Each structure stands twice: as C-alpha cells, then as structure tokens.
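Please read them alongside the structure.

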Amino acid sequence: MSEPTIFIIDDDSSVRQALTRLLMAAGMNTESFASAKDFLATEKYKVPGCIVLDVKMPGMTGPELQEKLREDEVQMPIIFLSAHGDVPTTAKAMKKGAVDFLTKPVDRDNLLTAIHLSLAKDLENQILRTERSAIHNRIKTLTPREHEIMTYVITGMLNKQIAGELNISEETVKIHRGHVKKKLAIVSVAELVRLCEKVGIAPHKICQ
Amino acid sequence: MNSKLKKIRNLFDQANDAIVAIDPETGRFLDINNKVSENLGYSREELLTMRVMDIQTKIPDDQAWQKISNEIRQNGSMYITGEHRRKDGTVFPVEVNAKFVVESTDEYIVSVIRDISGRKQAESELQAAQEYLDIILSNMPVGVAILEGPEFRYIRINQVLADLNGLPVEEHIGRTVEEVLPKAAQSILPNLRKVFKNGEAILKREFSIRLPSNPGKEVNLVDWHFPIAVDGRIKAVGAIIMDVTERRRSEKEIKKQHEQLVKANNELSDYHKNLEKLVEERTTKLNEEILERKMAEVKFSGLLHSAPDAMVITNDEGNIELVNKQTEKLFGYTREELIGKRVEYLMPERFRGKHPDFRNDYIESPEVREMGTNLELFGQGKDGSEFRIDVSLSPMNIGKDKLIIASLRDVTERIDVEKKLKLSEKRLSLIFESVAEILYYISVEPDECYYFLSVNPAFLKATGLTEDQIVGKRVEEVIPETTIRRVLDSYKKSIKEKSIVRWEETTVYPVGKKTGVISIAPIFNEKGICTHLVGSVHDITERKQAEEEIMKSEERFRNLIEQSPLAIEILTPDGKISNVNDSWMRLWGINETETAHVLESYNMITDPQIQELGIRPLVEKAFAGEEVVLPPVKYSGDQTSKDYGLDIASRTVWVQCHLYSVKDEYGKIEYVVNTYMDITEVKHAEEDARKQQEIIARTGRTTRMGQLTGSIAHELNQPLTGILSNAQAAELMIKSGKWNDEGLMEIIKDIILDTKRGGAVIRNLRESFREQKGEFLPVDVNDIVNKTTHFLRSEFVTQQVILTKTCASSIPKVNGNWIQLQQVLVNLIMNGLEAMQDTKQNDRKLLITTAHHADEVNVWVEDCGTGIKADRIDKIFELLATWKPGGTGMGLAICNSIIEAHDGKMSVENRSEGGARVGFVLPVLKEGGKT
C-alpha cells in the first residue's frame, strides 16, 4: 500500500502553504487544492489518506464536499478547519462522520493527533472494504435459488420449515444449503449470519 | 538562398560530425547533414520521416524522449551517451552533444553525434595492454604488490611475493596486510602508512624476518615502497620485495674469507674492502633501475591512460615526454605533435615567457601540490581557444631522470558554478539587509559569553544605535540592564532546549519605547555544540498602541452609556435591575434614593403592567437571549408611584424598550440591556427625533458590529492560521535539523505577510469602532464600495452570494462622512443578503452600482430576493418599521437620516425581474469645496 496522503483543501493560499509546510515538516505526504471541485476532479480520494478541509469556501463549501463524498460512498476521513465555527455547522459535520472539527488557528499537536486518528480510521475502512468485497465475490457465485435459500437459513429456520415455506422437498433444501456452505467456505449457520450481516443481506421476512 | 547561407549549408553537410536538428516535441528530424545518413545507412529522405526513437536505443519511446527533451530544454545542453541503430540493424556507440536552440518563435534541438566506436576500441586495447603488463608483473624475479590504502588491502600481488608470504595469490587479493601477515604486519605497516601519508617513496630498506612459509629460517629482504596516485590523490602503495638472503650469506662468506685473507695478507685487505663495496653498490643500483623501469611502465600505461584528467609528463628541461589520451582530447593535438615539445606549447602566448622560471623553481623543490592556487591558469588548444584549467604537479624520479607529472583539468564549468554560488550568497545578504524584520546574528562563546556578530539595517533603524555600538560587543553592553537578565536566560533556554524561544518585551531605545516579539533560534555545529544564535524581533509597538486605543474606546463606550441622554438599565438574567444611568432617573423623574428603592423591588419579568399588556412572552424571549423591541408602553406617573410606593408625581411617558442581551464566550447571558426611548418626543417634534436618531445610530452601529464578529473572526483567523502553522513548521524543521536558510527565509517572509494582513484587519476594525467625529470631507463613493465589499468578503462566501460591482469610472467626489456612508452601504448589503436567504443558490446575486448624472452621484444595491411588499414600501424608511424577525426597524431609518444629513435622498423600488433595488443619491462636491 502506498504512503497515505493528506489532502489540504482551503481557498486561502497562505493557509494552504503554511499547512503544507507544517505537515511536510512533520514528515507527511501532502497535496493541496484551492477548491473542493479541483479535488474532486483529480479523483484523488481513491488513494489512502485523509482530508483537511476548510469550511467556508467559494463554490462548493466544506460540508457540501463532505455530503458529495458521502453520496459517492467515499469513506476518506475528514478533518474540518474553521475560522469561525458555529455550533450548528460543527454538530452537523460531526454527525456526518467528520473525524474532528478544529478551529483556526489550529495548533500543530491538535492537528497531528486528528490526522493520525484519521489515517488509522482510513486504514480500518480499507480493511473492512477489502473484506466486504471478498464476501461479495463469494456471494456472487451463488445461484438465485441458493441465494434465496440462504436468506431463509439465516432466519434460523430448519430445513423442514424452509422446504414447507418454498414448497420443495427437504432433500432439495439440504443440497442447496450444502452448496451455499461450500461456496461461501463456512461451517456454521452462526458464521453465515455474521457474514450476511457484514454485507447487509437481510434475513427473509416470513409472513405469519 | 544567398551565398552565406549556402556556405553554412556546405559546412553543415561537410562537417566531420553527424549533426541533426530535432523537433523537441515529437523527436522528429527536421534537418540532417550528410554524415548522418552516411553513419546510419539511411537516405536523407528516409531520415527526414524518422524520429529519434527510431535510431537511438537509449530512447525507446515518446515518454523517454519527452523526459530527455525537457532535460535538454532546462539545462540548455546535455551530453548523452548511447547507441545508434543502423539501417542494417547493427548498432554502434555514440556520444551526443545536444543543445536547445530558440530562434525567434522556433524551438529545436541541435545534436552533434560522435561515433565513439574508436574510443571503445581504444579502451579495449588499453585493457589488453594491462593484461600484458599483468603477465610481466607475475613473471618478474622480484616480489611485487599493490596495496590499496588506508587499510592496505592487496589489489595485486605476483607469484614471487605470494610464495614469500607462503599463501596462494588468490588468498591475498582483497585482504589486508594484517590478515595475510599477522606477525609481520607490525614491522611492515608503519612504512606503508608513512608512504601513504607523505606520498614519498621509501626505497631500499633491508631487514630480516622469519617468513610464514619457512618459519625456521631467517631471511634477508630488501623492500621498496612507493606511493601510487590517481587524480593527484594517493590511492595505494606499491611494494617491491627482493630476497637477498643468498647474497648476504655469500657476502658473509666473502667477509670470512676476507678476514682470513687479512690475516694472510694485510696488504690485500684494503683492496678487498673496496671490491666488496663496489659489488654491493652496483648490484643494488642495477636492481633498482630494473624495478623502477618496470614500475614506471605500470604507472604510465595503467594509470596514465585511465586517469580522467589530462596528464602531461615532462622532463626537468620542460620537454614533453608523454601525454595521455585525455590531453589529446583537451588540447586537440595528437600525441606525436606534442612529444618533444616544450610544455609552454600548451599555454597562451602571454604566459610562455615566465613559465620556465616557475618550472625551474619547482625542479629545485619538487613536491606534490596544486599549481598556482588562486591564480587563473589557462590552456590553449590547437584551434587557439583558451580555457581555464586546474593543474596538479607531482615529481617522479626514474633512475637518473627527474620527471614531472602535471595533471590538468578543464574547470570552465566549475568556475561558473562557483560564480553562481557567490551570487546566491549575495542575494541572501541582500534579503538580510533589506527586510523590515529586525534580524541579528550572535556568536556563542564559552562561559556564556554572547557577542553580536552582525545586525541588519532594520535593527539599527529600530534601536537608533550605530553598527559600531553593536557589532563585536557583548550583549550586556548593548541590551539595557532592565531586560538583560531575561534575555540571557532566554538564550540559555534556547540552547539547552534546542528550540526557538519567544517572548514579548518593551525596551526604551534612543528612538523611544519599542515593543517587540523576540525570537531566538539556536544554530548547532555538526558536533552538536551551539555556535550561533539567530535573533529576530517582530515590532508590535503599533499593535500595542492599537490595543491600548481599543481599551480607551471601550472606556469611552462606558462613559457614553453613563452620559447617554437615553435611559438605559442593565438587568440581571433573573429580571432585576442592577444599574441605571442618569437619563434613566431623569426619564422617571426620580432621585437616587428613590431609584434605589425601585431597584430593590422591581423585576421586569414579573412586572404586572407587562403582564397586563400581554408582552411578557416577548420579555421572556429577551431574557432567553434574543434582541427584542417591545411595542410602545405607556407608563402613567400616578400608577407607577403607587406601584412602587413612591410619594411623588412622576411623569407619564410613552416608551419603547429595546432589549438586548450581552453574553459571555460560552453563550450564557451575563446581563440584559434595556434602552428606553421616549417616543412621545419623537412623535411630537421632528427636530428632536432627528437628534434621537443620531444617538440611536451609535448603538445601532455597535449592534451591527456584533453581527459582523463572524466576518472579523474569519478575516483575522486566516492569517493567524498561516502564522501559527508556519512558525510550528519552522520549529519542527529546526528541531529535526532538516532546514536551510532559504526555506526558513521563505517561512519568515510568509509570516511577515500574514502578520501584515492581520494588522490590516485590526486597523479596519478600529476605524469602524472609532467615535464618529461628524467630519465631512471629499469622499470617493467607489472607494467606499470597494473597501466595504472587501470587508464583507467572507459574508458573500458564507452565504454563497455572487457579487457584481459596476463602478462608474472617474466619478466626482461628494462631501461626506466616510464612516457614516460606509455604514449605510453595510446596511443595504446586509439587508440584500438577508432577503436572499431562501433564494436558490445559483440565483443569489447582489449587484452594486455607482453612477454619475449631471451633478448627482448614485449608489444602489440590488438583490434577487423576495422584494418588498407593496403596502410596506412607503413606510420602509420610518423608524421602527420592521417586518424581519429580530429586526430593530432602525437600520434603514438611520440610513435615511444619514443620507438626509448629506443633503441626499434614499430611494427604494422593486425590480421587475424580482428582488429589490435600494440606493441613494448624493450631490456632487462643487469646485471650491462646499456643496
């Protein structure tokens, strides 16, 4: 994995230059942008790292960029910097998952702590993503029927009950169930439940 | 084509070197000479469709070409070695000298290509010669070794010496003397070191030793040690060792016989002695000569030709004996042309006369040294060109011959670099001399002595001292006694903690009192000892004064409340009155004792009259932190007296209360200010109303300032962020030792810029807070528009409003009060922004226009908001007319009174395309001053 990069986004060139210098002196990779649009255009948010983001900017504001990245399911951690932070903005940004909301002028130690936290979070996100995509790849190999059976299995129903529900033989359910276990490389139902939870596959809703 | 061009074309085509012109972008050949097609086997037409990548193996593709092309563009020219591919597929080595040429608008690269197959061949020939020498070396009847210093590892050894050491040749190579001969090393190493260090040969030293190959027998050896220098620096020591045991034994026998003979014949003894001496001398001399000849060969052939410098060997009469290939290349002569010539032949005419004297002096006391240190030495090539060279000389004796080896290096390029370095130093010192920041350089001596080494002009200017009074003096002699203790402690702290130390200090200098933020940065040498301190002082005298003025202004504000003709009461958060001013007592017509009585019992929240009027919710809102204007309330004197048990006939008044709360930094309400307005008077007398409004204007202005704190904080925190981050970056860089003067200078420059930016914000703030003096001066409305919009910049950004200014060029001045007019404009802009709060983001546009018609100047502000309702448009300038939540109804009324005081008129209308247009017209200042 390449070295993480700290992306500084601030419309004030003097702030940008100073922050770049500070982070470089602290031994970090940095890249800076004068606007949220410039940053989006480069698609840099795909690499490991985090964003140090100004709140007030012409064009797209910091919180707007945060919203846009959320919509695009980009999970890069964000640290907000604000010259005049008001409570509603801060609360909103934090609620939407910002790592920290720092007030300008920002002290080095506070900033570095927030960055280290962000990078740790980013790494964690990446590990989770890798894990999820591995599970997805395995689930893709299931046939539609196997997939359906799986959603029943994770409700905790017995083979017999599932067979009744789908109007098929218990033997058939057993075979499908065996395929699911084999394809997903799992040994227990408990494991299957956890796995589905991780990728957000819900148990089948049974009509009473 | 004219004849000159033709001539150039001819030269180009006939040139011995292949020359091409290349398009820097595509790498395509633009032009080539005959030699190119001759070398590559392509026709001229074919080549003109080809690109560099097609023939140069080192540049395989576009990307590689772009890289090389950019390098050439940046450096101007470049040497590239590589291989060219002929049409028949064979490759040959080339050396390319590429040059970037710009001719009017055309850019191209001209490359001179030299086929260096010949040189490569020569190199392999040289290698063959070296192998040949190796054979000679290994077959020599004496032991020979070359030891590479300073550990003295064997890099060459022949069989004879290896046998003497009792180990195979392979086990010597790469190992040190100590490893190979652990026992004998102690007697061998001192000599090797001596030779390596002094560069002087130790010749013919005889000693006896027990060799590992035959430890039972002591052998007599004679050795020679001599230095081997490459590039004028001693790299290795050569050793020649000869076994003379047999000879010594026979000598001993001869001696024995001789003694016997002495006994037998005394007369013969002298003769024998002479004979013995003669034999020894001649043997040694012969051996020496043989060995040195061999070594000379080794040195000349091996080292001479592989040396990167041009080497010229002359005899003691200055005649050239030998030159290497580099010499031929540097001067353009062939070897044959030079051998036997005087060495002066290689110099420009003007140096030839004196040189033989220098040469003879050198022969007298030969040593290895640089020639003409600090002198500019020149060489002259065959083509008459002159170039600067560095020359190192070393003496060399071969048999009787005294030779001098001169190694020459073309330093034209190096000198250029040195010149550039000097220039950059000069620039740095220029910065030091010209910055406004005070900078000084202190030398740190033992026992905590600090001396001023240098100070910049800013230092002298700020302190009023002369350079003589500072430089070279101890700090105690320059810095006043009152602060010296603190200064010295800070120096110690900075050195001890290896970090920048800062403090604020006020000192009295000849020019007056100065306040500055002093920074001390320690500089350490490579041993970690602090040798210097760099001090800088950022003068904040002005800022201090500004702060004092703001404090004064606050005091004035307090006075204003106390002296205000407006009745003001300060209420605690639970509704009780804590303070009132004189006007308050006048309003109610009661004295201090009676006031104290009211203060004890009154509570605004539970005031029955307020309860009765149904405005208690509004009052509660005010105590919850909102700014509230209560509807007019009539207090009847009799009723009030009864309520508070006062035995007086106090006045009946109509008042309007304006409540606003003052909060602490956490948003908690500290107190609520209630301002009473006697609106009876407003209604009755227009003239009185005008006066009142002017008073309201003041309080209104401070309220407005409160609303603007967000903008001010933003404007001030931006530069502060820059300053803090830059300073902390510098601190990190210095702490980690990864810093250079240029980097720090840039940081300091940025800090200064940001500091100035912050200062400008504070000045602006101060101006807005300053008491209005009511001065009317010639004012440029464009200036007001530009400064005001700049001041409100962050409001536009926050509210995502696009601002368009259309300012009439060369607008005449009006007679007015700058601050008041700015206040009107701030009001109009803020109203416009507020009106667009619910407008779609892309449609939020604010237009500010200035215009000039006849003897009038117009300024108007247009928004794209909701516009003004028809029934309100006529009342909009009336006092207390407000339809905005939280509005005071004072803004536009104050604006109107200000514009009327300027003999102008305000106007308001809805725009056909939506939104409102609010503005004012002012009369042009007439020639002669007064309007």
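1. Is Phe152(B) buried or exposed? Phe152(B) is buried, at a relative accessible area of 2%. Buried stands for under 20% relative accessible area, exposed for over 50%, and partly exposed for what lies in between (1.4 Å probe, protein chains only).

2. This is a predicted model, in which local features need pLDDT of at least 70 and side-chain atom pairs count only at pLDDT 80 or more, while totals for chains, interfaces and linings use all residues. Residues are numbered from 1 along each chain as its sequence is written, chains are lettered from A and ligands numbered from 1 in the order in which they are written, and side-chain values use heavy atoms, with hydrogens and water left out.

3. Rings of Phe, Tyr and Trp (its six-membered ring) pair if their centres lie within 6.5 Å; planes under 30 degrees apart are called stacked, over 60 edge-to-face, and the rest tilted. By this rule there are twelve aromatic pairs over all chains. One of them joins Phe152(B) and Phe196(B), edge-to-face, at 5.7 Å centre to centre and 85° between the planes. Phe196(B) is partly exposed, with a relative accessible area of 21%.

4. Phe331(B) and Phe387(B) form a tilted pair, 5.5 Å centre to centre with 55° between the planes. Both Phe331(B) and Phe387(B) are buried.

5. In chain A, Phe7(A), Phe33(A) and Phe39(A) make up one aromatic cluster.

6. Lys341(B) lies over the face of Tyr345(B), 5.1 Å from the ring centre; the criterion is NZ of Lys or CZ of Arg within 6 Å of the ring centre and within 35 degrees of the ring normal. The charged end of Lys498(B) sits over the ring of Phe524(B), at 4.9 Å from its centre.
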